[in-house]
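Student: I have a model open and I'd like to learn how to read its features. Can we walk through it together?

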Amino acid sequence: MMRTSLWRLFFRVGFVLALTAPLGAGVAVQDQEHLILEPGVEKLAGLDAVYQRFTRAYRELDADLFNQIYAQDALYLSPNQPIRKGYDEFVGGFRGMFEGAGQRGQALDISFRIVDRQISGGLATDVGIYTLIRREDGEIVHRSRGKFVVVARRQEDGNWLFHVDGYSGMPDDE
């Protein structure tokens, strides 16, 4: 029952991406804790840095970092919700989730496994799996996984930001 209500809360308050996966043979590892690129997935330093900022935002419970992750005109596609357009339309969900976790003394950790990446000029599309872990007093109290698709766009200054972000949950079979 607690797992179900936490799961619902998790999806109501905002998008999460992550993965904590076992490291196996044949997996190209960039950052063993937070970003795994499957074999054949091309590294793209600027885009990979966006995932590192995402992880940092969760670790530090800092929703203000999302302005370095999402474009101002980003489209956010979360399950059972209307499409939200514009950073200001969805960042509050992250802020609420982080404030709630902080008030409960919880730590959040998120990481990613990219299974496919397509790059064309100033656009990149990533498909992957995320895992979110909540801890209290160092103990895991909740773990959830899901799949995601992100379209990132290279900005005029050369930095990459998420322009489209969509996700849905999946069973946690690990």
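Student: Where do Arg56 and Glu60 lie?

Tutor: An α-helix has 3.6 residues a turn, so residues three or four places apart point the same way. Here, Arg56 and Glu60 both sit in helix α2, four residues apart, which is about one turn of the helix. Helices are DSSP runs of H or I with at least four residues, strands are E runs of at least two, and both are numbered from the N terminus. One caveat: this is a predicted model, so local features need pLDDT of at least 70 and side-chain atom pairs count only at pLDDT 80 or more, while totals for chains, interfaces and linings use all residues. Residues are numbered from 1 along each chain as its sequence is written, and side-chain values use heavy atoms, with hydrogens and water left out.

Student: What do Arg56 and Glu60 form?

Tutor: Side chains of opposite charge can pair when their charged atoms come close. Arg56 and Glu60 form a salt bridge, with the closest N and O atoms 3.2 Å apart; the cut-off is a side-chain nitrogen of Lys or Arg within 4 Å of a carboxyl oxygen of Asp or Glu. Arg56 counts as partly exposed at 37% relative accessibility, and Glu60 does too at 45%. For the scale, buried means under 20% relative accessible area, exposed over 50%, and partly exposed in between (1.4 Å probe, protein chains only).

Student: How many salt bridges does the structure hold?

Tutor: There are six. One of them pairs Asp73 with Arg153, whose closest N and O atoms are 2.7 Å apart. Asp73 is in strand β3 and Arg153 in strand β7, so this pair ties together parts 80 residues apart in sequence. Asp73 is partly exposed at 33% relative accessibility, and Arg153 is partly exposed at 24%.

Student: Are Asp126 and Arg117 buried or exposed?

Tutor: Both are buried, and their side chains meet in a salt bridge (2.7 Å, N to O). Salt bridges with shared partners join Asp48, Arg117 and Asp126 into one network.

Student: Which residues does His163 touch, leaving out those up to four places away in sequence?

Tutor: Contact means heavy atoms within 4.5 Å. His163 touches Asp73, Ala74, Leu75, Val151, Ala152 and Arg153, so the Asp73–Arg153 salt bridge partners are both on that list. His163 itself lies in strand β8 (residues 160-170) and is buried, with a relative accessible area of 18%.

Student: Which residues have the most contacts inside the largest nonpolar core?

Tutor: In soluble globular proteins, nonpolar side chains tend to be buried together. A nonpolar core is a set of buried Ala, Val, Leu, Ile, Met, Phe, Trp, Tyr and Cys residues joined through side-chain atoms within 4.5 Å. The largest one here has 37 residues, and Phe54, Tyr58, Phe66, Tyr70, Phe94 and Phe162 have the most contacts inside it. Helix α3 gives the most to this core, with seven residues.

Student: How many aromatic pairs are there?

Tutor: Rings of Phe, Tyr and Trp (its six-membered ring) pair if their centres lie within 6.5 Å; planes under 30 degrees apart count as stacked, over 60 as edge-to-face and the rest as tilted. By this rule there are 26 aromatic pairs. In one of them, Phe54 and Tyr70 have ring centres 6.3 Å apart and planes at 65°, so the pair is edge-to-face. Phe54 in helix α2 (residues 45-60) and Tyr70 in strand β3 (residues 70-77) are 16 residues apart, so the pair links distant parts of the chain.
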